[in-house]
Amino acid sequence: MSTTRRSGVAGVVVGAAAAGIGWAARDYRRWKALGPGGVPANPVGWLAVSGMRLRARDPYTWREAGSGDVDRGLLTLPPRAGERPEVGPHPVPHRVLTQHADQARVAALQDVVEELAGRDDLEMRTSGWEKHHPALWRTGGAEIGHVHPADGSMHVVLAPLDARVVVARRWGEFHPLAGRMLGLPEGYVLLYPPRTDAEIGYLRSILEAAAR
C-alpha cells in the first residue's frame, strides 16, 4: 500500500473515530439531562442503557392481547387530542421531551396517586423500577404506577388488552423494553403528561384501571 493510500485510510479511521466520540459525548449529555432513573447516572449506566437500545421495540406495536374484557373505566375513554409528545430514545430513564405538564398539574396528578393509596389494598412505596420516585403498589404485591416529577408523565402497568386501548387512543405508548428486559410486563406503558385539568381526570381513569 502506498504512503498516500495509507494516509487516506488513516484519515478516514481517525475521522470516523472522532465522529463516534462526538456522538457519544452528545448522547451522554442528553441522557444525563433526563434526570435520575433506574440505572446509575454515570458512564457505566449510559453504556448499559446504550446496550438496552438494541433490544427496544416499536412503542406503538401491539403486544400480547391477553384475555378477558377491557376495563369498564376505559370503555368511554376518548382519543387524546392533538399530536403525541416526543419521547426520548433512551429506554432508561424513559421520558417525554415535549408537552411537559406544569408543576401545578404534576402535583395534582401526584395527589391522585396518593389518594388511591388510601385504599385498603393499595399503598405508597419507592418505585422498584425508577428507584427514586414514590409509586403506587398493591399492598404486599406488585407496583402499579408512578409519576415522573420532572415532566408529569407516568408509568403504569395495565392488563395487556387495556394497554392496547390506551395506546390506540394516544394517551401513551408501550415502554420499548416491555416484555423484553428488566422484568417489565407486556402492559408497561408510558402515559403522556396532562395538558389540561380535564386530562388529569382521564389519566385517573387509566390509573384506576391499572389498580383494578
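This is a predicted model: local features need pLDDT of at least 70, side-chain atom pairs count only at pLDDT 80 or more; totals for chains, interfaces and linings use all residues.
## Backbone features

The peptide bond that joins Val 92 to Pro 93 is cis, and its omega is near -10 degrees. Pro 93 belongs to the loop that runs between α2 (43–52) and α3 (103–116).

Two residues other than glycine can be listed for a positive phi. For Lys 131, phi is near 75 degrees. Lys 131 is placed in the loop between β1 (122–126) and β2 (134–138). Its relative accessibility is 49%, so Lys 131 counts as partly exposed; the cut-off for exposed is over 50%. For Leu 182, phi is near 60 degrees. Leu 182 is found in the loop between β5 (172–174) and β6 (188–191). Leu 182 also counts as partly exposed, because its relative accessibility is 42%.

## The largest pocket

Rolling a probe the size of a water molecule over the atoms shows where empty space is left. The largest pocket found in this model has a volume of about 180 Å³. It is lined by 17 residues, of which Gly 38, Val 92, Trp 129, Glu 130 and Leu 182 are the closest to its centre. Sorted by class, the lining consists of nine nonpolar, six polar and two charged residues.

## Aromatic pairs

A pair of aromatic rings is described by the distance of the centres and the angle of the planes. Across the whole structure, the search gives three aromatic pairs. In one of them, Tyr 28 and Trp 46, the ring centres are 6.2 Å apart and the planes stand at 90 degrees, so the pair is edge-to-face; planes over 60 degrees apart meet that description.

Tyr 28 is part of helix α1 (residues 3–33) and Trp 46 is part of helix α2, so the contact ties together parts that are 18 residues apart in sequence. Buried or partly exposed: which applies to Tyr 28? With a relative accessibility of 22%, Tyr 28 counts as partly exposed. Trp 46 has 11% and therefore counts as buried, the cut-off being under 20%.

## A charge over a ring

The charged end of Arg 125 is positioned over the ring of Trp 137, at 3.8 Å from the ring centre.

Conventions. Residues are numbered from 1 along each chain as its sequence is written. Side-chain values use heavy atoms; hydrogens and water are left out. Helices (H or I, at least four residues) and strands (E, at least two) are DSSP runs, numbered from the N terminus. Buried means under 20% relative accessible area, exposed over 50%, partly exposed in between (1.4 Å probe, protein chains only). On a 1 Å grid over the protein atoms alone, a cavity is a set of points where a 1.4 Å probe fits but cannot get out, and a pocket is an open set with protein on both sides within 12 Å along at least five of seven lines; lining residues have an atom within 4 Å of a point. Grid points are joined across faces, edges and corners, and a volume is the space filled by probe spheres set on the points. Ala, Val, Leu, Ile, Met, Phe, Trp, Tyr, Cys and Pro count as nonpolar, Asp, Glu, Lys and Arg as charged, and the others, Gly among them, as polar. Rings of Phe, Tyr and Trp (its six-membered ring) pair if their centres lie within 6.5 Å; planes under 30 degrees apart count as stacked, over 60 as edge-to-face and the rest as tilted. A charge sits over a ring if NZ of Lys or CZ of Arg is within 6 Å of the ring centre and within 35 degrees of the ring normal.
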